[in-house]
Amino acid sequence: MSLLTATFAFLFYIATAILVIFVARKIWIYAQTPAPLKIPTTPAPTTRAGVAFRMVKEVTIFESLFKSNKWIWLFGWIFHFGLFLVLLRHLRYFIDPVWGWVAFIQPFGKYAAFMMIIGLAGLLARRILVDRVRYISAPSDHLMLLLLIAIGVSGALMTFVEHTDIVSLKSFLIGLMTFAWATEAGLTNMPNDVILIVHLSLVVLLMIIFPFSKLLHAPGVFFSPTRNQVDNPREQRHVADWAKKLDSNKAN
Amino acid sequence: MAAAEFDTPKLKEYPVIPRLQEGVMKHSQPYTAKSEFQEKLGFPGELVDNWQQVAIDKMGELNKKYRSLGVYLDSCVKCGACTDKCHYYLGTTDPKNMPVARQDLFRKVYRRYFTLPGKLFPKLVGAEDLTKEVLDDWYSYFHQCSQCRRCSVYCPYGIDTAEISMAAREVMDTVGVGQKYCNEIIGKAQTIGNNLGLPEPALIDTLEGLEEDVEEETGVKVRFPVDEKGADVLLITPSADFFAEPHIDGLIGYGKVFHQAGISWTLSSYASEAANFGMFIGSYENMQKLALRIRQAALDLGVKRIVFGECGHAWRVAYSFLNTLAGPFDFLDPDYPVPQHICEVTHGLINEGKLTLDPSLNDDMVITYHDSCNVARASRMGDTPGGQFEIPRNIIKAVCNNYVDMPSYSIKEGTYCCGGGGGLLTDDLIELRVKGAMPRMEALKNVVDEYGVTHMAAICAICKSQFSKVFPYYDFSMDQIISLHQLVSNAIVLTPENATEDNDGGNDTDDENQAEAA
């Protein structure tokens, strides 16, 4: 096993652990923390099924954002949908044999890289050009977009310009998942390509940053009380545990 | 902080997103609460010595008590969707009045003390220490948020700046920096029973006078009872309804509706206030204390229903929180929701044909309707989502022949706050109130010019007071804002027969109706 391979093997294990553990921890905290009052933004659904539908619209077509600003919606949606296709396409590097539907979306997933990049570029342009958005941007907000753009561009370069040894790469990745380094066969060396190294380094960085950054909006939206609560406060009391002791102040 | 000179914003034909002008509203701060009023509510009288630590501890505590806080502080991606949605930003052009920038005043401190990147790389992620300057900014700009939730409609994650500003105000109260207007009012409501500090004898006196006035005008004895045990309905209404204009005309309207429908009702001198300013300062405990007075009054008076008068944020607390804070209300008539809005009552009676209405009596007016923010985005009326938009409009259309809506971006869930909500309806914030009203004024001017609208109806005591005050700044006259139930009051045709019946045996009528309702 080359030094490069060993380094990336180590990085991927660490990054995956950080991503999974700290995102799970955040989700646990969100789930455990009460929302002591009913605060759905109304008009809101009056049933759980209605809330599920509201949430599905929120995370698939970005309903609220659409109401708000068509440019942000357009760039944001193009980026996220592109990213979604790209991620699905990348499943082919982690499964063998490749599932039929993953093979089917391969061409879409390839070109989705451009959706990603265009969407991100649009968002970055707004961040720089619109005075209101520039005002609210911290350095990390710009860097996050640049990081994602760099991942997208380096990935697209390998797809369309300078191919890497994808067979070795896949063997390396599956080896990581199956702990092949502990077996006699050993871990396949990953290709020693600059673009690939850049791409994977940035992905590792993204995985590590994720649980400590605004990327928490991904799990966060599901826990947002203004979006996930049923509008039924007159029918059902909604007393948080910490509020129960205050409840005894009540006359009968 | 006497009313500084300022320019009233110019109204444009179409809404224009203004360019940023940093710091132009930094000077806008309300008076701070004196120590006696702070201490009454369980807060320190003045800034405590180790205030930074106290504040940070409180932030940590709130973060554990309210999921909204942690989720909203973590999730914002700074996309900018909310930046042009706040009426205070549109009216003042101060960038810290953009919802996300307002949140960031709190978020940057949260990041510094509660997140890893903020501890390690504060500059990179926009994290900052909690300094006196930051606290000062909090005091300015968290008192420039009316908690109207317009931003939360447009945020892709539903981030509600109201939640953040409530938390920030609670932290400020906890370190001893409270706002005079809110905290004095909460004190009055908790001891005397209403925000105006109107004691029982004065209340009874006022309502007796009102009965006489209405009888003089209509020839019918419409009653305005206080503390009548055994009445069916306990009416909880903002105390401004007892004598402010145009609020009182709404109260007369409620009285006439109850009278004609033969519903026996009463006010309570113990709970003579619908408004619950506990919400504005984010204090669950203080909000609950006020809510419990309503429960107590309902128990003492032995009523069957609780109905709320026209008040925006009061209806939020009533509709969304009352059952949680002071329920269960299993001692009330299960056939009615608890609580009901007066508009739900009137709308129901209109549908049942129980009111005699002549809409031509309002023919001298062309009406538009201002959706009050907390009714529109934080509550509901009726059984279906959006009932809070349709029910008031249906009432207006039943009592008026001329009705026009303002432009769609400025009504219903997109409605602009009046500019005086959330504990800002005080003269020390008059510049903010005038400027914050600009988007609503622009939308109103639009229908005044285009359709000859003469009056705007509202169902919120704060909206009514705010508009009466700021209308003249925009060349409207203060009487162009009216209570929705004033329109009902104008259109109800009371027959003197009713009056005779009521005088001789008003209780009979009531009994019949009770039987019907049951």
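The model I am reading is a predicted one.

**Entry 1. Domains of chain A**

I looked up the bounds: domain 1 of chain A comprises 1-30 + 162-227, and domain 2 of chain A comprises 44-145. For the contact between them I noted nine residues from domain 1 of chain A and eight residues from domain 2 of chain A. Which helix gives the most to the side of domain 1 of chain A that touches domain 2 of chain A? I found helix α9 (residues 166-177) of chain A, with five residues. Sorted by class, that side of domain 1 of chain A has six nonpolar, one polar and two charged residues.

**Entry 2. Domains of chain B**

I then turned to chain B, where the domain assignment gives domain 1 (35-178) and domain 2 (187-494). I recorded 30 Å between the C-alpha centres of domain 1 of chain B and domain 2 of chain B. In the contact of these domains, 22 residues of domain 1 of chain B meet 24 residues of domain 2 of chain B. I listed the elements that give two or more residues to the domain 1 side: α1 (35-40), α4 (87-92), α9 (150-154) and α10 (161-175) of chain B. The residues of this domain 1 side divide into nine nonpolar, seven polar and six charged.

**Entry 3. Contact of chain A with chain B**

How many residues does the contact take from each chain? I noted 64 residues from chain B and 59 residues from chain A. On the side of chain B that touches chain A, helix α14 (residues 284-301) of chain B gives the most, with seven residues. I also took the classes for that side of chain B, which has 31 nonpolar, 18 polar and 15 charged residues.

**Entry 4. A helix pair in chain B**

I examined helix α16 (residues 342-351) of chain B against helix α18 (residues 387-399) of chain B and read an angle of about 50°, with the axes 9 Å apart. The crossing of α16(B) and α18(B) is left-handed. From α16(B), I listed Cys343(B), Glu344(B), Thr346(B), His347(B) and Ile350(B). These meet Ile391(B), Pro392(B), Asn394(B), Ile395(B) and Ala398(B) in α18(B). By class, I recorded six nonpolar, three polar and one charged residues in the contact of α16(B) with α18(B).

**Entry 5. A sheet in chain B**

I looked up an open sheet of three strands in chain B and noted the order β5-β6-β7, with parallel pairing. Why is one side of β5 (367-369) and of β7 (481-483) of chain B left without a neighbour in the sheet? I found that both strands stand at the edges, each with a single partner strand, so one side of each has no neighbour there. Direction ignored, neighbouring strands of this sheet are turned by 40° against each other on average.

I next followed strand β6 (residues 455-458) of chain B, which pairs with β7(B) in the parallel sense over three bridges. At one position, Met456(B) stands opposite Ile481(B) in β7(B). Finally, I placed helix α22 (residues 484-491) of chain B, which lies across β5, β6 and β7 of chain B. Helix α22 of chain B runs at about 70° to β7(B).

Conventions. Residues numbered from 1 in each chain as written. Chains lettered and ligands numbered in written order. Predicted model: local features only at pLDDT ≥ 70, side-chain atom pairs only at ≥ 80, totals over all residues. Contact = placed C-beta atoms within 7 Å. Helix = DSSP H or I, 4+ residues; strand = E, 2+ residues; numbered from the N terminus. Nonpolar A, V, L, I, M, F, W, Y, C, P; charged D, E, K, R; others polar. Axes fitted to C-alpha atoms, helices over the stretch in contact; angles between N-to-C directions. Left-handed = near helix turned anticlockwise from the far one by under 90°. Domains from an automatic or database assignment. Pairing = 2+ DSSP bridges.
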